[in-house]
Amino acid sequence: MRLSRYFLPTMKETPSEAQIVSHRYMLRAGMIKQSSAGIYSWLPMGFKVLRKLENIVHEEQIRAGHVPMLMPTLQSADLWRESGRYDGYGEEMLRMQDRHGRDMLFSPTAEEMFTDVFRAHVNSYKDLPLTLYQIQWKFRDEIRPRFGVMRGREFFMKDGYNFDLTKEDALHAYNRHLVSYLRTYERMGLQAIPMRADSGPIGGDYTHEFLVLAETGESEVFYDSQITDLKFGDRAIDYDDVAQCQAVLEEFTSRYARTDETHEADEFAKVPEDRQRVARGIEVGQIFYFGTQYSESMGASVQDSEGNKVPVHMGSHGIGVSRLLGAIIEASHDDKGIIWPEGVTPFHVGILNMRAKDEACTEACDALYDSFKAIGLDPLYDDRDTGAGAKFADMDLIGLPWRITVGPRGLKNGVVELTCRRTGESEEMPDAQAVEKISQIYAKHRVTGL
Ligand code: ATP
Ligand code: MG
């Protein structure tokens, strides 16, 4: 993309309404625009990162054997009356009536809707196990929307639902989700720690929240510092292998890690003192096993191998896709702007033309731009005829991990400058070498999505 043809309304001034760094940078980098409290327009670059996150989530869910689909955002209240949550959900649910006076609502989550689809089409244990999911907008009328996309009212969420014949199978689905979430967050450049959590209004005994450590996090967390040394990495995993998934769960959840809701001082005291940590975290996902609660109230059952009708065991599993943008920026920035991890960056590399009026510079930049596109990478080419200061400031603010600066002096010596946003280190090299280096870096960060 040529910057002169893009829409990237960056701002120098810090917007006064933004209290935390991710919100400030998302506004300043022209990624979002507030439309009303907790509701945002996604400007091109914000939308681009949101799609990247969505694609990573799809890839990892599909890899785990889960099936994507899409539910309506507006749902009939009758369905929610069946589960008892129409009255139970409280004021966070946005309710409305259609022209015929029928009660409707904007989905804050979708257990009822998925259970309804399931009971309409699945009758036999032979069709199980089944995990269906969607990535769809949700609305919760939060009492205090704040921190930009972190606590919005309208937000983008992956929600998945497993349907299993037995508790044992459903617990395997739970473990499978835990493993797939670990992979998902790591690909986004994040460490998200599974912590034992409280099940709240969804109910059930088994639940973990995934938290990204950050000072601005809304949850207080207590953990054994050994947990931050764990990496999922590139290990191969067979998602159908019950023992393998169970082993990963044990590895990542056996140390003390709790949110304030489940914290127990006596248990925490058993962690060696030099490893006890109290910090803050951002909840970026949660997994639940809740048994037959919804399947019983909504009549979602199958015939087992002996012909008996039995309610299915279920769980639900969420990832806060739009909140993740904020969490990634909270975890990765400096005082000049965002530092995108390679896996989610809106553009792979920035090309800075230091002298837009110089023919040699422009030719070299055009050639670099074409080379990147030819190998399937996505460069952002700052071809504007503006001062170097403004170009550097914008590039730092929007935070592309790599930048190539092309100037007349370097070109005379046959080199361009390649700079790493995270370390600030620069290296001069021939343009072909810079393209090769960037290509290698991104070889393991290709995302195809659905
Ligand atoms: P919270 O405790 O932060 O209100 P929750 O536990 O009610 O969240 P879940 O129902 O578990 O949320 O939803 C799954 C994920 O959706 C959460 O882990 C979080 O990342 C995201 N999420 C929830 N509420 C919001 C919101 N208001 N704005 C943005 N993301 C949200
Ligand atoms: Mg939650």
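Predicted model: local features only at pLDDT ≥ 70, side-chain atom pairs only at ≥ 80, totals over all residues.

Biologist: Fine. Which strands form the open sheet, and in what order?

Modeller: The order is β4-β6-β5, with antiparallel pairing. The edge strands are β4 (74–76) and β5 (94–97), each of which pairs on one side only. On average, neighbouring strands in this sheet are turned by 35° against each other, ignoring direction.

Biologist: What makes β5 and β6 a pair?

Modeller: At least two bridges are needed, and β5 has four with β6 (residues 103–106), in the antiparallel sense. So the pair qualifies. Arg-95, for instance, stands opposite Leu-105 in β6.

Biologist: On to α6. How do you know that its length agrees with its number of residues?

Modeller: At 1.5 Å a residue, the 21 residues of α6 (residues 167–187) should span 30 Å, and the end C-alpha atoms are 30 Å apart, so the two agree. After α6 comes Gly-189, with a positive phi near 80°.

Biologist: Why is α6 called largely enclosed?

Modeller: Buried means under 20% relative accessible area. In α6, 16 of the 21 residues are buried, so the rest of the structure largely encloses this helix.

Biologist: Then what makes α11 and α14 roughly parallel?

Modeller: There the cut-off is under 35 degrees. Helix α11 (residues 359–374) packs against α14 (residues 431–442) at about 30°, their axes 11 Å apart; therefore they count as roughly parallel. Their crossing is right-handed too.

Biologist: Let's do β21. How do you know that it's largely enclosed?

Modeller: Five of the five residues in β21 (residues 402–406) are buried, so the rest of the structure largely encloses it. Both faces are covered: Trp-402, Ile-404 and Val-406 are buried on one side, Arg-403 and Thr-405 on the other.

Biologist: Which strands does β21 pair with?

Modeller: With β19 (residues 349–353) in the parallel sense, over four bridges, where Ile-351 has Ile-404 as its bridge partner. Another four bridges join β21 to β22, running antiparallel, and there Arg-403 is partnered by Thr-419.

Biologist: What do β22 and β23 form?

Modeller: A hairpin, with five residues between the strands; Gly-424 in the turn has a positive phi of about 80°. Four bridges join β22 (residues 416–420) to β23 (residues 426–429), antiparallel, with Val-416 opposite Met-429.

Biologist: Now the metal. What coordinates the magnesium ion (ligand 2)?

Modeller: Glu-283 through OE and Gln-286 through OE1, at 2.0 to 2.2 Å. The cut-off for a donor here is within 2.8 Å, so both residues make the list.

Biologist: Why is Gln-286 called buried, and why is Glu-283 called partly exposed?

Modeller: The cut-off for buried is under 20%, and partly exposed lies between that and 50%. Gln-286 has a relative accessible area of 12%, so it is buried. Glu-283 has 25%, so it is partly exposed.

Note on methods: Residues numbered from 1 in each chain as written. Chains lettered and ligands numbered in written order. Heavy atoms only, no water. Helix = DSSP H or I, 4+ residues; strand = E, 2+ residues; numbered from the N terminus. Expected span 1.5 Å × (residues − 1). Buried < 20%, exposed > 50% of the residue type's maximum accessible area, 1.4 Å probe, protein only. Axes fitted to C-alpha atoms, helices over the stretch in contact; angles between N-to-C directions. Donors = N, O, S within 2.8 Å, 3.2 Å for Na, K, Ca; no water. Parallel < 35°, antiparallel > 145°, perpendicular 65-115°, else oblique. Left-handed = near helix turned anticlockwise from the far one by under 90°.
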